[in-house]
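Please open the structure in a viewer and keep the selection tool at hand.

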Amino acid sequence: MDGCKSLKLPLVDAEIAYIADFFSNDEADRIYTALLDELSWHQGDVHVFGKWYKTPRLQAWHGDNSLVYRYSGKALTTEPWTKTLIEVRSRLEAAGFAPNAVLANQYRDGSDKMGWHSDDEPELGEQPVILSLSFGAVRDFDLRHKKTKTTHRISLEHGSLLVMKGSTQKFWQHQLPQRKREKSPRINLTFRTIIT
Ligand SMILES: O=C(O)CCC(=O)C(=O)O
Ligand SMILES: [Fe+2]
């Protein structure tokens with residue numbers, strides 16, 4: 001992250017940093033185009049109150065060999081790393097992180113979204129480190145404290161990195177709300193470490 005400006009969000013019970021220019025604009029453009037093509041995008045299903053629904057976005061799950069991740073009532077097995085994911089991962093490694101898997105989300109337009117949740121699955125351990133990279137359309141990202149219900153909104157820019165760690169997932173939820181006027185896609189990569 002040398003040379004990048006890291007902004008620490010002023011939230012209690014959280015450790016969240018936002019780096020707007022983790023990738024340059026040109027790098028982010030190239031990565032965005034490559035990811036659209038390279039990843040094994042599919043529309044998953046979510047289990048909500050006893051019913052299955054199509055997720056309102058596309059997803060792909062890549063990482064080290066045969067890691068299994070239980071997410072939204074489903075067990076996902078990793079697809080192999082791709083050229084572009086390896087490039088992005090090595091930039092995160094250079095910044096001192098060691099993720100072994102990535103959940104990719106493609107919001108095809110502003111109708112696609114992700115509802116309130118915490119990334120607190122047991123296989124992420126007690127204090128998950130979530131490395132969230134954004135490419136394409138700029139979208140709002142909301143955080144909400146589980147007890148106080150305090151909310152905080154930031155906008156996630158093309159080429160940015162959001163790091164959530166420490167007790168963030170224990171005390172806070174997050175969501176990506178719909179923005180019906182947005183017509184272009186956004187890709188989000190959330191690199192994670194699955195404890196095996
Ligand atoms: O798209 C985003 O920025 C959020 C994605 C997210 O929360 C997740 O994949 O768990
Ligand atoms: Fe999340």
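Which residues surround ligand 1? Select ligand 1 in this predicted model and display its surroundings: L103, N105, M114, D119, S132, F141, L156, H174, L176, N188 and T190 form the shell. Strand 8 (101-107), strand 14 (172-176) and strand 15 (186-192) are the elements that contribute two or more residues each to this shell. Colouring the shell around ligand 1 by class shows 5 nonpolar, 5 polar and 1 charged residues.

Next, select residues 98-195. An unreviewed UniProt entry lists this span as "domain: Fe2OG dioxygenase".

The remaining stops concern backbone geometry. Most residues other than glycine have a negative phi. Move to the loop between strand 1 (6-8) and strand 2 (15-19), where D13 is found. Although D13 is not a glycine, its phi is positive, near 60°. Is D13 buried, exposed or partly exposed? D13 counts as partly exposed because 15 C-beta neighbours lie inside 10 Å, whereas burial would require 20 or more.

Finally, select F49, in the loop between strand 3 (45-48) and strand 4 (51-54). F49 also has a positive phi, of about 45°, without being a glycine. How many other C-beta atoms lie within 10 Å of F49? The count is 5, so F49 is exposed, the limit for that class being 12 or fewer.

Technical notes
Residues numbered from 1 in each chain as written. Chains lettered and ligands numbered in written order. Predicted model: local features only at pLDDT ≥ 70, side-chain atom pairs only at ≥ 80, totals over all residues. Near = placed C-beta within 6 Å. Helix = DSSP H or I, 4+ residues; strand = E, 2+ residues; numbered from the N terminus. Nonpolar A, V, L, I, M, F, W, Y, C, P; charged D, E, K, R; others polar. UniProt positions renumbered as here; feature names shortened; annotations may be inferred.
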